[in-house]
Amino acid sequence: MTDNVEGFLYPELNGSICIKCGLCERVCPIKETDNRTTPISVFAAQYKNSEALLESSSGGMFSALAEYALSRDGLVAGCVFDETFTAVHILTANPARIARMRGSKYVQSDLRGVYPEIRTALDNGRFVLFTGTPCQVDGLFRFLGKPYSNLFTVDLICHGVPSPKLLSGYLRTASKNDTIDNLKFRDKKRNGWNAQGSITLDGKVKTFSSFNSSYYYYFMQNSIHRMCCYSCKYSSISRVGDLTIGDYWNIDEILPELDSRAGFSALLVNTERGREAIEAIKDNLTLYETTLEDCVSGNGNLSHPSPLPDSRNVVYKTIENEGYRACEKKFFKPKRLVPFIKRHTPKFAKQLLKKLLSK
Ligand SMILES: Cc1cc2nc3c(=O)[nH]c(=O)nc-3n(C[C@H](O)[C@H](O)[C@H](O)COP(=O)(O)OP(=O)(O)OC[C@H]3O[C@@H](n4cnc5c(N)ncnc54)[C@H](O)[C@@H]3O)c2cc1C
């Protein structure tokens, strides 16, 4: 796998040693996929473990499911940041390493040999929970080539992944010469459940959002995704994982009485195996059954891929030719007042404003 000019990994074929078996094309998840299923049921879900919930992006479903895997003497595969803030997938049963999987890393994760490790574990009879984007789940199925009753898969609702090279360019610019101690794209500690992150530089925590972070802004504007994300076959209600998890962003409209400040996951139960898992852990969860339509209406990526904006190629080209800082200067204007106003507007006023604007 080699980086293209934008910093995305692509397979490079060495024609002189290729035996032309066609296997790489047959297993490519970008080709039509046949192992998808429509959800059996849909929930707004929240993990009752408040410590794990606070560290999670949404309603903490990942942590609840990781606990389920450990209770079955299983292993968990998911995405962590390594010491250079590169997102990589690892397989482990170590609770401290699993805790590092918490939180969305808004960048493409490098699978770095985790599929063969998973196959070995499965062949040895271990229970494995795999979590990742739907294309990564489908990629795993295609790599394994046969079903395993001890494999449990959870896919994310995903609106696209930026390139690791772009994230490192941003981090170099944002950190100046300070040491990056921590990076969280979703941090509930200051302002609850929302699309706000934090970066810790030389021990000092600074929050960021699409209003004051160029990277977050480009991400939210869909300007920096991998090209194939704009025609993603998995942005639909046909799912690949036993379960699908995401943010239940419109839960306040569906259940207005609910206190959603700590976050609620959208939970799609797609298979019988998924149903059994939720049944087994339901006492650890706060669950409200909703309709699929309600969930889809608040989450565009369950019905269509993110649209390709004109800015997408301009941003990557500018970074390629002039560097990250120049791109930031040209295409990003921080709005420092907006987050302040948003933070200090009460929930009822926000809901009223939303209603008035939608008329
Ligand atoms: C790139 C990306 C785009 C997303 N877009 C949407 C969206 O449009 N709408 C929506 O509702 N939800 C989206 N999500 C999902 C959402 O942000 C949460 O990850 C999800 O709801 C799980 O939250 P949680 O509270 O259960 O647990 P958390 O503890 O927050 O979940 C962490 C889980 O996410 C996985 N993960 C984290 N980063 C990556 C990554 N880069 N690649 C693969 N897996 C990763 C971990 O392995 C773990 O399983 C996206 C996530 C990612 C990573």
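Trainee: Which elements do the buried residues of helix 5 pack against?

Mentor: They pack against strand 4, strand 5, strand 6, helix 6 (134-144) and strand 7. Before we go on, this is a predicted model, in which local features need pLDDT of at least 70 and side-chain atom pairs count only at pLDDT 80 or more, while totals for chains, interfaces and linings use all residues. Residues are numbered from 1 along each chain as its sequence is written, and side-chain values use heavy atoms, with hydrogens and water left out.

Trainee: Thanks! What do "helix", "strand" and "buried" stand for here?

Mentor: Helices (H or I, at least four residues) and strands (E, at least two) are DSSP runs, numbered from the N terminus. Buried means under 20% relative accessible area, exposed means over 50%, and partly exposed lies in between, with a 1.4 Å probe and protein chains only. In helix 5, the buried residues are Val 114, Tyr 115, Ile 118, Ala 121 and Leu 122. Seen down the helix axis, the buried residues of helix 5 fall within an arc of 120°, so they line one face of the helix. That arc is taken from the directions from the helix axis to the C-beta atoms. Just after helix 5, Gly 125 has a positive phi of about 85°.

Trainee: How do I read the sheet, and what is its strand order?

Mentor: Strands of a sheet pair through backbone hydrogen bonds, either parallel or antiparallel. Here, two strands pair if DSSP finds at least two bridges between them. In this structure, an open sheet of 8 strands runs in the order 5-4-6-7-11-12-3-13, and its pairing is mixed. Strand 5 (87-92) and strand 13 (285-290) are at the edges with a single partner strand each, so one side of each has no neighbour in the sheet. On average, neighbouring strands of the sheet are turned by 25° against each other, direction ignored.

Trainee: Where does helix 5 sit on the sheet?

Mentor: Helix 5 (residues 114-123) packs on the sheet and touches strand 4 (75-81), strand 5, strand 6 (128-132) and strand 7 (151-156). Contact means heavy atoms within 4.5 Å. The direction of helix 5 makes about 15° with that of strand 5. For such angles, axes are lines fitted to C-alpha atoms, for helices over the stretch in contact, and angles run from 0 to 180 degrees between N-to-C directions.

Trainee: In which sense do strand 3 and strand 13 pair?

Mentor: Strand 3 (residues 41-47) and strand 13 pair in the antiparallel sense, over 6 bridges. Phe 43 has Glu 289 in strand 13 as its bridge partner.

Trainee: How many disulfides are there?

Mentor: A disulfide is a covalent bond between the sulfur atoms of two cysteines. The cut-off used here is a pair of cysteine sulfur atoms within 2.5 Å. A search of the whole structure finds 0 disulfides. For Cys 158, the nearest cysteine sulfur is that of Cys 229, 6.1 Å away. Cys 158 counts as partly exposed, at 21% relative accessibility. For Cys 229, the nearest cysteine sulfur is that of Cys 228, 4.8 Å away. Cys 229 counts as buried, at 12%.

Trainee: Is Ser 163 buried or exposed?

Mentor: Ser 163 is buried, with a relative accessible area of 0%. Ser 163 lies in the loop between strand 7 and helix 7 (164-175). Not counting residues up to four places away in sequence, Ser 163 touches several residues, including Glu 6, Val 107 and Tyr 316. Ala 280, by contrast, is exposed at 58%, and its place is in helix 10 (residues 272-281).
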